[in-house]
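Please look over the sequence and structure shown here. A short briefing follows, grouped by topic.

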Amino acid sequence: MAERKTKKETASTKDTTAAVTKQAPAKAAIGEQPQKAKEARVGVFICHCGTNIAGSMDINAVQDYAKTIPNVAYVDNYKYMCSMPGQAVIDKAIHENKLTGVVVAACSPRLHEPTFRTATKEGGLNPFKFEMANIREQNSWVHMHDQEGATDKAKDAVRIAVAKASLLEDLFPKSVPVEKAAMVVGAGIAGMQAALDLANAGIKTYLIEKTPTIGGRMSQLDKTFPTLDCSQCILTPKMVDVGRNENIELMTYSEVESVEGYIGNFDVTIRKKARGVLSVGEAEAMGIVGGGCNGCGDCEAVCPVVQPNTFEEGMKPRKAIYIQHPQVVPLLYTIDFESCIKCELCVKICGEKKAIELNKEDEFVKVKVGTAILATGYDIFPVENKTEWGYKRYENVITSLEFERLICASGPTGGHMVRPSDGVAPKRVAFLLCAGSRDNTGNGKPYCSRFCCMYSLKHAHQLIEKMPGVQPYIFYMDIRSFGKMYEEFYYRIQDEGAKFIRGRVSNILEDPGSKNLMVFADDTLLDRPMKLEVDLVVLAAAIQPAADTNRTRKLFGVSCSMDGWLLEAHPKLNPCGTTTAGVFLAGACQAPKDIPDTVASAEGAASAASIPIHVGHVELEPYFAVCIEEKCAGCGMCVNLCPYTALALIEKDGRKVMQVTEAKCKGCGTCGGFCPGGAIWMNHFATPQIIAQIDAFLLGGEQ
Amino acid sequence: MARIKGYPEALEAKLRDRYVYGEDTNGKFTETVEKISMSIPHMCYQCGTCTASCPSAPRSSYRIRKFVRRVALGLETEALTDPDLWLCTTCYSCTDRCPRDIAPTDVIMAMRNLAFKRDIIPVNFLKTVQAIYTTGHGVPNNDVNRAARVKLGMDADPPTTHTYKEFIPGIQKILDYYKLKANADRIVKEREG
Ligand SMILES: Cc1cc2nc3c(=O)[nH]c(=O)nc-3n(C[C@H](O)[C@H](O)[C@H](O)COP(=O)(O)OP(=O)(O)OC[C@H]3O[C@@H](n4cnc5c(N)ncnc54)[C@H](O)[C@@H]3O)c2cc1C
Ligand code: SF4
Ligand code: SF4
């Protein structure tokens with residue numbers, strides 16, 4: 001009982017922001033466990049899952065066996081344990097048999113743990129007195145052709161689960177308050193849409209964008225498939241809305257520096273990169289009346305330093321003080337300090353507005369938010385790595401993004417589609433689909449980049465429409481036109497005269513004189529190799545996660561899949577969530593997505609991120625570590641091991657002991673497994689419970 | 001009858017049954033070729049990068065992509081009896097570029113091995129075997145080459161079995177062990193008498 005007292009003390013010294021502890025969970029001393037196990041009365045419920053389970057094993061044999069396991073007071077089976085009648089079986093059995101614990105042998109905790117916890121609770125027990133035995137995913141599905149083996153394995157699984165259920169304890173979830181603010185990282189169409197939705201739902205939203213303007217890739221596009229509306233025309237109203245919305249605090253030219261805390265209470269530090277130019281608001285705050293940047297551009301005219309404009313894919317120059325394009329939001333110049341020579345010509349011409357500060361340094365701002373959305377988008381795969389197509393070696397081989405800028409009226413050529421080598425309009429243009437996508441060589445991306453088919457069709461259309469007589473050739477393996485009105489769009493472009501050649505281009509050679517290109521492919525439908533001379537080649541290059549994605553995701557504790565895209569909590573049922581509570585994903589940072597899918601996912605993420613904020617508090621699984629203070633030697637070695645910085649050493653009664661911030665602890669068990677003195681108790685995965693499971697397995701129940 | 005010379009025969013050939021029947025396919029063949037070639041032709045998605053890379057394709061009826069397809073489907077007889085099987089130069093251009101990381105060249109080599117087991121092989125390949133057996137070279141040196149070498153300031157013969165003839169028996173031992181020479185002689189004799 002001594003320990004119980006200690007636990008209460010621990011609870012009362014807790015960080016007060018962290019929680020409203022309903023009741024300190026009662027925990028028996030380790031010595032009491034066998035005693036407790038003797039009193040246990042466990043009910044075992046075996047699910048058929050239709051034929052999913054019952055088709056591969058002998059349910060009756062498992063049931064008969066379960067009756068012989070120590071502590072088992074009741075056994076039953078049902079066709080669908082998760083159905084309402086199935087749950088009623090559990091509820092009734094608990095009452096009638098005075099059960100102290102419940103084991104359901106069925107699918108996975110991920111699927112139905114919440115269901116059966118609720119059923120356990122309905123029966124009058126603490127919901128954490130429930131344990132699941134997985135006899136479907138890890139058994140019947142993989143041992144479909146081994147009835148006997150599957151039955152034996154199910155017996156083992158049930159025996160092990162009963163051993164744990166006999167020792168389970170009442171636990172009480174913690175409730176933590178949620179900050180009524182959210183953060184969105186990345187202000188492409190995904191981030192903008194998510195921020196607008198959150199803001200319109202009355203939530204203060206910080207929108208963090210690393211470049212000087214919002215808009216992302218979509219602002220680089222000319223038209224958008226399949227409706228062909230002008231990209232900027234549909235995007236700029238949203239950009240202006242973002243800039244004006246009172247609930248959105250826009251931080252451009254900024255990056256997330258560090259993140260601390262947990263769902264409901266993230267403390268985020270943002271690095272505002274030195275921009276060297278004051279906004280009107282900032283100038284006012286500094287007492288410069290009528291000052292700050294009004295976007296007049298006088299500075300740009302006098303700046304002597306010329307650099308490539310990345311927004312124009314390097315095809316247009318900009319100055320060291322610049323805006324990327326006329327529609328930027330915010331309309332605010334930025335100094336590229338890497339190339340600025342501090343000649344001060346801009347400072348002079350800006351004059352009384354006093355907007356320019358040449359000695360600016362990065363600033364750090366701290367904000368607190370309840371939830372966060374990552375919307376960091378994508379970059380283009382460096383397609384020059386596929387040397388056979390000659391990108392960056394042959395002048396007239398360009399990427400599709402360069403094509404977008406060249407055909408765009410506000411682009412470097414004013415919308416005149418010309419080829420780079422001689423500024424002449426091309427007559428024959430080859431489009432190479434899957435340029436680096438669907439490639440398993442290691443030099444390329446194994447996945448489909450998803451929008452290249454559709455935008456290449458769009459590009460063919462734009463050529464035919466703008467430049468009568470031009471012949472587009474589309475080299476494809478499959479045309480993936482899966483969306484609403486997409487197949488119809490494919491039909492239309494074929495009807496307009498684009499030529500489709502089913503074959504992947506093996507290599508390209510350049511005629512050094514004319515700079516024309518020889519494209520080699522196999523017309524697989526004719527079964528004949530072909531050599532086609534064209535004036536321009538457009539590579540529909542694969543895409544990959546944006547450059548800084550890896551650093552950013554780690555700050556938020558988000559995982560990524562093998563190919564680097566951010567990992568959703570469940571690919572079908574929770575595509576916007578992540579395994580870190582309170583952090584969500586929007587747009588192409590999760591996987592290649594076109595604009596309709598991006599916007600849909602952004603709205604999904606915004607909705608999911610607003611739920612904890614509207615509820616005002618979140619319940620955390622009570623799986624946290626607990627320090628058994630009598631045993632803790634205060635060595636502090638666990639503190640640095642914790643991946644979630646949930647542990648600290650504190651002074652108590654004149655000695656050092658470890659303290660857990662329960663809301664931060666994910667119950668991963670790293671500290672519990674390590675502590676040399678056995679002073680850390682992992683709720684729900686406690687050492688005696690796990691030892692009992694191992695014993696049950698190894699000793700076959702003959703303890 | 002013969003209104004246009006060769007027409008009825010050509011038409012007859014065109015009107016032949018061209019279905020692929022279930023019994024034409026042999027799943028074991030795919031497996032065997034994969035084992036010998038240590039490659040994965042069943043993963044081919046028929047993009048044609050191989051045929052487009054192939055120096056043989058534009059100069060002949062040889063289509064590497066089609067051979068990979070036949071392996072994937074298990075069309076053993078069709079693949080092994082097609083004389084085009086012997087038109088690969090083993091340059092490995094296709095292997096360099098295949099986006100599915102298949103080695104079509106090695107797939108061809110595997111099928112040549114299987115064909116040879118059935119005595120399917122062009123005579124010129126066998127003559128190469130005979131040349132190696134007697135000289136250690138598939139393409140032995142000749143007088144024109146010798147003169148050119150001397151003119152360029154080199155020895156008339158390269159420092160191979162041409163110069164070191166004592167190594168030829170070693171090569172013969174290897175070829176004999178695999179009965180390559182004996183089989184070559186036998187087949188050449190059968191064909192050329
Ligand atoms: C050539 C081409 C043509 C296309 N045409 C069409 C079309 O016609 N129709 C269509 O539906 N789709 C089209 N697309 C697809 C479209 O571009 C994407 O669907 C869309 O841009 C995805 O939006 P996003 O916001 O998820 O990502 P992005 O547009 O990439 O935006 C991400 C934003 O996050 C910022 N960011 C990145 N990392 C960080 C960080 N660590 N911290 C802070 N900010 C960060 C970036 O600067 C950027 O502003 C095309 C794509 C290409 C390449
Ligand atoms: S290049 Fe590879 S994937 Fe493409 S057709 Fe040839 S073998 Fe198949
Ligand atoms: S290795 Fe053979 S099949 Fe492949 S490209 Fe060369 S000649 Fe053609």
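**Cysteines of chain A**

A:Cys233 has a relative accessibility of 49% and so counts as partly exposed, where buried means under 20% relative accessible area, exposed over 50% and partly exposed in between (1.4 Å probe, protein chains only). This is a predicted model, in which local features need pLDDT of at least 70 and side-chain atom pairs count only at pLDDT 80 or more, while totals for chains, interfaces and linings use all residues. Residues are numbered from 1 along each chain as its sequence is written, chains are lettered from A and ligands numbered from 1 in the order in which they are written, and side-chain values use heavy atoms, with hydrogens and water left out.

- A disulfide (a pair of cysteine sulfur atoms within 2.5 Å) links A:Cys233 to A:Cys230, with an S to S distance of 2.3 Å.
- The count over all chains is one disulfide.
- The torsion about the S-S bond of A:Cys230 and A:Cys233 is about 85°, so this disulfide is right-handed.
- A:Cys230 is partly exposed, at 29% relative accessible area.
- A:Cys49 takes part in no disulfide, the nearest cysteine sulfur being that of A:Cys47 at 5.3 Å.
- With 14% relative accessibility, A:Cys49 is buried.
- A:Cys434 is likewise in no disulfide, and the nearest cysteine sulfur, from A:Cys453, is 5.9 Å away.
- A:Cys434 is buried, with a relative accessible area of 9%.

**Strand S27 of chain A**

- Helices (H or I, at least four residues) and strands (E, at least two) are DSSP runs, numbered from the N terminus.
- In strand S27(A), residues 536-541, six of six residues are buried.
- In a regular strand the side chains alternate between the two faces of the sheet.
- One side of S27(A) carries A:Leu536, A:Val538 and A:Ala540, the other A:Val537, A:Leu539 and A:Ala541, and all are buried.
- Strand S20 (residues 397-399) of chain A runs parallel to S27(A) and is joined to it by three bridges; two strands pair if DSSP finds at least two bridges between them.
- A:Val397 has A:Val537 as its bridge partner in S27(A).
- Strand S21 (residues 428-435) of chain A also pairs with S27(A) in the parallel sense, over five bridges.
- A:Phe431 has A:Val538 as its bridge partner in S27(A).

**A:Asn97**

- A:Asn97 lies in helix H4 (residues 84-97) of chain A.
- At 18% relative accessibility, A:Asn97 is buried.
- Apart from neighbours within four places in sequence, A:Asn97 is in contact (heavy atoms within 4.5 Å) with A:Arg41 and A:Tyr74.

**Helix H8 of chain B**

- The buried residues of H8(B) are B:Val123, B:Leu126, B:Val129, B:Ala131 and B:Tyr133.
- These buried residues pack against helices H7 (104-117), H10 (168-177) and H11 (180-192) of chain B.

- Of the 13 residues around ligand 2, B:Cys44, B:Cys47, B:Gly48, B:Cys50 and B:Cys98 come nearest; a residue is near a molecule if one of its heavy atoms lies within 4 Å of it.
- Helices H3 (49-53) and H4 (64-73) of chain B each supply at least two residues of the shell around ligand 2.
- The residues surrounding ligand 3 include B:Cys54, B:Cys88, B:Cys91 and B:Cys94.
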